[in-house]
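Look at the fold first, then read on.

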Amino acid sequence: QVQLVESGGGSVQPGGSLRLSCAASGSIFSINSMGWYRQAPGKQRELVASISSVGRTNYPDSVKGRFTISRDNFKNTVALQMNSLKPEDTAVYYCKAVVKFPPFFDREFEYWGQGTQVTVSS
């Protein structure tokens, strides 16, 4: 019933920038938190950035100061602006949303996008 679609992935040189976006669609009542995660080959999936329904953000030290997450509550979208990219940022990036939808107004559900590849190399 709920679908997340990511876009904006690609290849970029070290020091470059990339902007990812994610759109949620379906019969959504509300979206609580939204976030971006990434997973590199042989590594555990990790949080990149999250944002609450009121715009409170959270970043790990590895991306703080370089990445910025934002959301548009009217459009049900979330974006990730990535600057000063490093080779270690190379990974598949996944969008996540915690949502409520009819008729389950007393429960929350996690939905994930299918991922978009980001490659940082010279």
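Contact here means heavy atoms within 4.5 Å. The model is a predicted one.

Q: Among contacts between residues at least 6 apart in sequence, what share joins residues at least 24 apart?
A: Take the contacts in the chain between residues at least 6 apart in sequence. Then keep those that join residues at least 24 apart. Their share is 56%.

Q: What pattern does the chain follow along the sequence?
A: The chain has zero helices. Its strands number eleven. Read in order, they give β-β-β-β-β-β-β-β-β-β-β.

Q: What radius of gyration does the chain have, and why is it called as compact as a globular protein of that length?
A: The globule rule gives 14 Å for 122 residues. The chain's own value is close to that, so it is as compact as a globular protein of that length. The radius of gyration is 14 Å.

Q: Which element gives the most residues to the largest nonpolar core?
A: This core has 31 residues; Trp36, Val78 and Tyr93 are among those that touch the most other members. Elements giving two or more residues include strand E4 (30-39), strand E8 (77-82) and strand E9 (91-101). One of them gives six residues, the most: E9.

Q: Which cysteines does Valine 78 touch, not counting residues up to four places away in sequence?
A: Valine 78 is among the core members with the most partners there. Its contacts include Leu20, Met34, Trp36, Ile51 and Ile69.

How values were computed. Residues numbered from 1 in each chain as written. Predicted model: local features only at pLDDT ≥ 70, side-chain atom pairs only at ≥ 80, totals over all residues. Heavy atoms only, no water. Core = buried A, V, L, I, M, F, W, Y, C linked by side-chain atoms within 4.5 Å. Buried < 20%, exposed > 50% of the residue type's maximum accessible area, 1.4 Å probe, protein only. Helix = DSSP H or I, 4+ residues; strand = E, 2+ residues; numbered from the N terminus. Rg over C-alpha atoms; globule rule 2.2 N^0.38 Å.
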